[in-house]
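Welcome! Please take a look at the structure below, and then read through the short briefing that follows.

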Protein chains: 2
Amino acid sequence: MGSIGEDTSHVDVLIVGAGPAGLMMAAWLAKCGVKTRIVDKRGTKVFNGQADGLQCRTLEILDSFGFGDRAWKEANHMLEICLWNPDSSGVIQRSARIPDTIPGISRFQQVVLHQGRIERFFLDFMEANGDLHVERGVLPTKLELDESLVESPGAYPVTVHLRHLSEAEVTPKQTGTAVNGSAIQDGLFRSNLAADDTDELINSSALDARANTEEVVKAKYMLGADGAHSWVRQQLGFALEGESTDYIWGVLDIVPITDFPDIRMRCAIHSAESGSVMVIPRENKLVRLYIQLTTTAYNGGKRADRSKVNPDVIIQAAQKIMAPYKITYRRLDWWTAYQIGQRVGTQFSKHERIFLAGDAVHTHSPKAGQGMNVSMQDSYNLGWKIANVVKGLADRSILKTYESERRKIAQDLIAFDHRFSRLFSGRPARDIMDEEGISMDTFKEAFEKGNMFASGIAVDYCSSVIVAKDSKSNSVVSTQELAPEVKLGKRMPSVKFLSQADARPWHLQERLPSNGRWRIMVFAGDVTKPLQKEKIEKLGAAFGSKTSFLHRYTPAGARYDSVIEVITVHVAPRNQVDIFDFPEIFRPYDEIDGWDYEKIFVDDLSYHEGHGKLYETFGIDPEKGCLVVLRPDQYVSYVGPLEDYDAVDRLFSGFMIAQ
Amino acid sequence: MGSIGEDTSHVDVLIVGAGPAGLMMAAWLAKCGVKTRIVDKRGTKVFNGQADGLQCRTLEILDSFGFGDRAWKEANHMLEICLWNPDSSGVIQRSARIPDTIPGISRFQQVVLHQGRIERFFLDFMEANGDLHVERGVLPTKLELDESLVESPGAYPVTVHLRHLSEAEVTPKQTGTAVNGSAIQDGLFRSNLAADDTDELINSSALDARANTEEVVKAKYMLGADGAHSWVRQQLGFALEGESTDYIWGVLDIVPITDFPDIRMRCAIHSAESGSVMVIPRENKLVRLYIQLTTTAYNGGKRADRSKVNPDVIIQAAQKIMAPYKITYRRLDWWTAYQIGQRVGTQFSKHERIFLAGDAVHTHSPKAGQGMNVSMQDSYNLGWKIANVVKGLADRSILKTYESERRKIAQDLIAFDHRFSRLFSGRPARDIMDEEGISMDTFKEAFEKGNMFASGIAVDYCSSVIVAKDSKSNSVVSTQELAPEVKLGKRMPSVKFLSQADARPWHLQERLPSNGRWRIMVFAGDVTKPLQKEKIEKLGAAFGSKTSFLHRYTPAGARYDSVIEVITVHVAPRNQVDIFDFPEIFRPYDEIDGWDYEKIFVDDLSYHEGHGKLYETFGIDPEKGCLVVLRPDQYVSYVGPLEDYDAVDRLFSGFMIAQ
């Protein structure tokens with residue numbers, strides 16, 4: 001069976017699991033130039049089925065890596081939620097329409113695109129940024145953490161044994177199914193393969209070259225993003241806390257043939273007696289149906305018998321729920337059945353050296369379309385922190401914020417899912433006296449409230465060394481009222497502004513790409529006013545000083561904006577100002593490229609895309625202005641007066657390392 | 001030197017020249033499934049320099065093939081034109097700002113991206129649609145047209161001998177130049193190569209495999225898109241008519257180091273005595289300068305001596321014109337010098353079997369950014385016509401419209417360029433009495449008027465068998481007043497509307513992809529009004545009849561929308577209607593895919609992207625509605641009443657072939 005060789009190598013970060021959470025981590029590290037390996041025991045990425053919902057915030061994040069447009073273009077856009085309920089005679093009818101994404105909260109709206117495509121975008125990004133590739137068919141077999149080394153900055157306290165599997169061992173477990181439920185034997189429904197995925201399938205045969213060898217990897221940091229049955233979590237001895245419930249749900253991805261008029265809307269259909277269906281319209285004419293299987297549900301704590309579930313059972317249940325409308329199919333892309341379980345990990349890291357993310361630390365029902373999003377956002381929160389620390393720019397204290405920030409999100413998610421699932425699984429109330437039934441008004445209200453949570457925009461990180469909310473966690477305290485709508489701990493909101501140099505309109509967020517840099521946004525106010533002009537001159541002098549944090553934390557020889565980037569937004573009329581009216585530090589000079597034309601923006605009317613009214617929207621007074629510090633993940637770290645250079649210096653001094 | 005073999009093969013269409021005009025043709029034919037070959041004598045595509053401006057209309061066209069977004073994302077967006085002129089003391093100052101693209105005329109604005117990237121997008125598209133590749137290093141050596149066969153539909157009257165060159169023969173002639181003008185010997189400035197271009201450079205070495213062989217190709221149709229010195233044109237014996245002028249212009253693509261505040265704007269700078277500079281800000285920090293070289297210009301008809309021009313001469317001229325501002329550079333990407341010549345071909349085709357497009361039939365100055373656009377639009381006009389004819393769907397009469405439509409555009413272009421160049425090359429008038437100088441008010445006015453022409457949106461094709469403007473050219477006459485803003489002969493304008501089935505907002509043009517199909521847009525009006533409902537029922541019955549043109553012209557076994565697609569837009573409130581309120585022909589049924597959800601749209605308010613107000617914008621009365629026939633290139637062929645099915649039937653009968 002081949003030789004069992006053993007060799008040892010070193011890497012900054014080892015990622016186990018190449019699902020969305022692992023890939024997001026890899027993307028960050030590739031972009032930041034951190035030496036990384038990412039392994040997965042499966043032989044290929046997923047090609048169908050699995051998760052599919054993309055929140056507004058997730059799209060903002062993907063866009064910050066430069067491929068949000070790919071997701072936006074390929075995805076199905078969901079605009080409206082239709083609620084269907086029994087009328088007084090028990091026949092379902094549309095009772096309400098709700099916008100699927102609350103208007104105005106993001107420049108994106110929630111869309112649906114299957115996980116395999118998202119993975120493709122990450123893989124392409126990793127290849128283009130650092131030539132990082134997933135090593136597939138690789139299984140960790142042993143994990144050790146040398147606790148004596150965990151606080152030594154340059155140490156490699158993590159030791160992992162990796163076994164390279166053979167092709168036979170990694171045959172994908174995905175179930176693909178064709179017309180009317182007859183299974184395709186190789187487990188892949190190839191007609192849905194995108195053209196850019198075919199290379200990977202061909203290359204999977206290359207696995208055997210290293211088959212049955214074993215190696216030892218020493219890592220500074222490690223991420224376990226290896227799913228609900230996480231091997232890494234088991235090695236650490238961490239538990240998931242929570243419960244699983246009695247409801248069994250079937251899932252069908254089909255091309256529906258139906259006279260139901262809202263099949264291309266997201267629908268929640270409650271029948272009087274037969275259970276519920278959720279309709280999720282997808283790309284490529286597909287529709288996903290989540291169907292409550294009341295007839296096979298158990299009472300009590302035992303696991304229900306999922307072996308009796310098949311596509312015929314599921315579509316028959318759907319037919320009963322959706323009657324008098326007809327629904328059937330000729331094309332079935334994927335199906336599964338699941339029971340709802342809601343669990344959260346007790347700990348998210350071991351000594352801030354080994355971390356867990358995604359399903360490894362939270363599991364819940366898929367119907368709200370949250371899973372892939374929260375998982376990616378876990379490692380989106382963590383990636384830049386590890387990159388900053390590995391590169392010696394920030395100290396290890398910032399790593400503690402991963403658990404303090406993300407565990408609360410996971411708990412909120414579980415609470416949301418618990419409430420939402422209960423409302424959705426319950427029988428509709430017949431009338432106001434029917435106390436066991438679910439009131440449809442309550443359900444609609446929950447849906448509307450849930451939408452804000454489900455967008456991902458509501459995430460609000462607590463006070464810490466990197467979020468200057470209060471004096472308990474940070475020696476610097478913000479002045480929130482200088483920009484009331486730029487909320488501390490939340491992601492930077494976005495409106496359009498114009499580049500001063502070329503009048504091009506941009507969404508503010510487009511100027512905050514994920515590249516590991518901190519940012520200071522200088523809201524300079526109306527710089528034609530002498531008082532504002534004077535503040536900017538003083539600030540420019542402070543920033544420009546050889547002892548300023550801009551210089552202290554930037555390695556010698558690195559570009560002026562490689563650690564902390566200064567972005568200025570003023571509100572004087574565009575045509576009364578040019579970039580040379582600002583001190584040089586706001587538009588730095590490079591001896592090859594000349595002046596930097598991409599750092600100064602103006603809140604003014606565009607020729608073709610309206611007026612962002614940034615100062616008005618954010619509540620910033622043009623005769624005061626303010627300074628805002630943004631983390632590399634666009635969350636607001638600090639808001640304070642233009643005059644208080646020292647506060648920003650103190651903020652960075654709290655965790656940055658002088659170079 | 002290898003064997004001189006000879007073999008003969010057949011192809012539907014042979015394209016000579018793989019610049020933008022040839023590639024546009026190839027894209028159409030690949031998309032329509034027409035057997036095509038495209039050859040080019042150069043060994044690789046261009047990588048820098050050359051044309052760079054993209055009109056609004058060109059972006060609309062690229063988007064109709066699905067890659068407008070790539071151009072839009074990579075391009076530099078030009079928003080504003082700044083005019084700089086001498087003040088009373090002779091010092092240049094900004095005298096006006098004009099929007100570069102007239103607001104409201106298109107969903108795109110004019111951008112700049114160099115020709116090599118546009119070619120890349122076409123090459124990728126051709127590969128993805130029909131696996132069509134450019135055969136490089138291939139030179140036509142002999143051309144024959146058998147005139148006895150030109151009117152026989154299935155014949156191959158064109159015979160071309162092709163010679164495959166060796167690598168040594170095709171060394172690119174492009175001039176790449178590095179810091180301060182010292183030439184790079186291999187002619188390519190590799191630091192500007194995009195990642196997705198590197199494969200092509202590597203593959204260019206594969207040319208030698210067929211080197212020094214010759215073959216004979218028999219083609220049904222041929223396109224000569226082989227540039228200003230067109231070999232195809234010479235073989236046909238067609239002349240270019242026009243003149244060249246005395247002005248010499250230098251062109252520099254540099255990363256400028258300058259204190260000129262508008263360097264990232266498009267600028268027209270007239271100095272008092274030293275000539276003019278046009279500034280075109282580009283992608284990757286580059287700026288293109290068009291610089292008038294007054295000192296080397298000749299008077300009289302002789303060609304000026306361009307051998308004395310080099311980057312130092314050009315930048316020095318720019319420095320003189322732009323004083324007192326300083327301008328220099330460390331990075332030079334490309335440079336050239338040219339004299340303006342304005343010429344138009346006498347004929348655009350030989351017997352509608354061999355066609356010419358692009359620079360092969362019109363040459364002019366590059367400063368207005370028109371060349372690449374008009375060239376691509378030539379073959380965009382021609383490609384679908386040839387595809388329709390080759391596939392036996394339409395008869396050859398439609399091919400005559402290529403010359404009648406495009407030669408006028410070329411003449412307009414030359415007239416525009418002549419006027420624009422004269423104004424730009426002239427010395428500014430010192431005052432109102434200075435009759436030899438150019439009045440800057442006149443210049444500004446010309447710029448503003450020229451912008452409409454330069455957008456490409458103004459193109460207005462004459463009456464013909466496929467544009468039912470008047471009774472001279474067509475037995476069907478339109479009723480323009482039913483949709484006054486959907487102008488016959490012009491491209492279909494675009495506003496947003498919503499898909500009835502899923503409430504998703506689309507720009508109308510997004511639903512008109514370039515796939516060779518004709519389209520009937522049914523503006524159904526307010527279908528909750530009984531009279532409108534009745535019209536739609538009657539129209540549905542006529543369309544659905546076995547003898548209707550929808551059936552007559554669609555080959556047996558082909559999809560219902562593969563030749564003529566019906567798209568309906570109504571203006572009843574979205575939530576009072578569903579797709580089942582429309583006759584089946586408007587939302588056809590497929591036994592695998594179910595109902596077609598993508599054919600019926602509504603003019604209503606969206607949740608996130610406003611209200612397109614289509615009926616109001618187009619001037620369509622909701623209680624009348626109308627029918628609009630669109631050509632496969634989105635130009636308006638016919639406008640008429642909803643009640644007049646027969647007129648549309650007669651229109652198609654004029655050139656379509658019953659299957």
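**A histidine and its neighbours**

Leaving aside residues up to four places away in sequence, His161(B) touches Leu139(B), Pro140(B), Thr141(B), Lys142(B), Glu214(B), Glu215(B) and Val216(B). You can find His161(B) in strand 10 of chain B, which covers residues 158-164. With a relative accessible area of 13%, His161(B) is buried, because buried means under 20%. Please keep in mind as you explore that this is a predicted model.

**Chain A as a whole**

- Chain A contains 14 helices and 28 strands.
- Of its 659 residues, 61% count as buried.
- The accessible surface of chain A comes to about 24200 Å², and 50% of that belongs to carbon and sulfur atoms.
- Among the contacts in chain A with a separation of 6 or more, 74% are between residues 24 or more positions apart.

**A loop residue in chain A**

- Asp146(A) sits in the loop between strand 9 (138-145) and strand 10 (158-164) of chain A.
- Asp146(A) counts as partly exposed, at 35% relative accessibility.
- Although Asp146(A) and Val158(A) are twelve residues apart in sequence, their C-alpha atoms are 6.5 Å apart in space.

**Helix 2 of chain B**

- Helix 2 of chain B (residues 56-64) is mostly covered, with eight of its nine residues buried.
- Those buried residues are Cys56(B), Arg57(B), Thr58(B), Leu59(B), Glu60(B), Ile61(B), Leu62(B) and Ser64(B).
- What do they pack against in chain B? Their partners are helix 1 (20-32), strand 3 (53-54), helix 3, strand 7 (111-112), helix 4 (115-128) and helix 8 (371-390) of chain B.
- After helix 2 of chain B comes Gly66(B), which has a positive phi, near 100 degrees.

**Where the two chains meet**

- In the interface, 50 residues of chain B are in contact with 49 residues of chain A.
- The two chains, B and A, bury about 4400 Å² between them, 52% of it on carbon and sulfur atoms.
- Six salt bridges are found across the interface of chain B and chain A. The side chains of Arg574(B) and Glu80(A) meet in a salt bridge, 2.5 Å from N to O.
- Which element of chain B gives the most to the side that touches chain A? That is strand 12 of chain B, with four residues.
- By class, the side of chain B that touches chain A has 23 nonpolar, ten polar and 17 charged residues.

**Salt bridges within the chains**

- Over all chains, the count comes to 85 salt bridges.
- Lys599(B) forms a salt bridge with Glu565(B), and their closest N and O atoms are 2.6 Å apart. Lys599(B) lies in the loop between strand 25 and strand 26 (600-602) of chain B and Glu565(B) in strand 23 (residues 564-570), so the pair ties together parts that are 34 residues apart in sequence.
- Lys599(B) counts as buried at 5% relative accessibility, and Glu565(B) is buried with a relative accessible area of 8%.
- Asp526(B) pairs with Lys529(B) in a salt bridge with the closest N and O atoms 3.1 Å apart. Asp526(B) is buried at 12%, whereas Lys529(B) counts as partly exposed at 34%.
- In chain A, a network of salt bridges links Arg517(A), Arg519(A), Arg559(A), Asp561(A), Glu565(A), Asp596(A) and Lys599(A).

Note on methods. Residues numbered from 1 in each chain as written. Chains lettered and ligands numbered in written order. Predicted model: local features only at pLDDT ≥ 70, side-chain atom pairs only at ≥ 80, totals over all residues. Heavy atoms only, no water. Contact = heavy atoms within 4.5 Å. Buried area = accessible area lost by both parts, 1.4 Å probe. Salt bridge = Lys/Arg side-chain N within 4 Å of Asp/Glu carboxyl O. Helix = DSSP H or I, 4+ residues; strand = E, 2+ residues; numbered from the N terminus. Nonpolar A, V, L, I, M, F, W, Y, C, P; charged D, E, K, R; others polar. Buried < 20%, exposed > 50% of the residue type's maximum accessible area, 1.4 Å probe, protein only. Areas by Shrake-Rupley, 256 points an atom, 1.4 Å probe, with all protein chains shown as cover.
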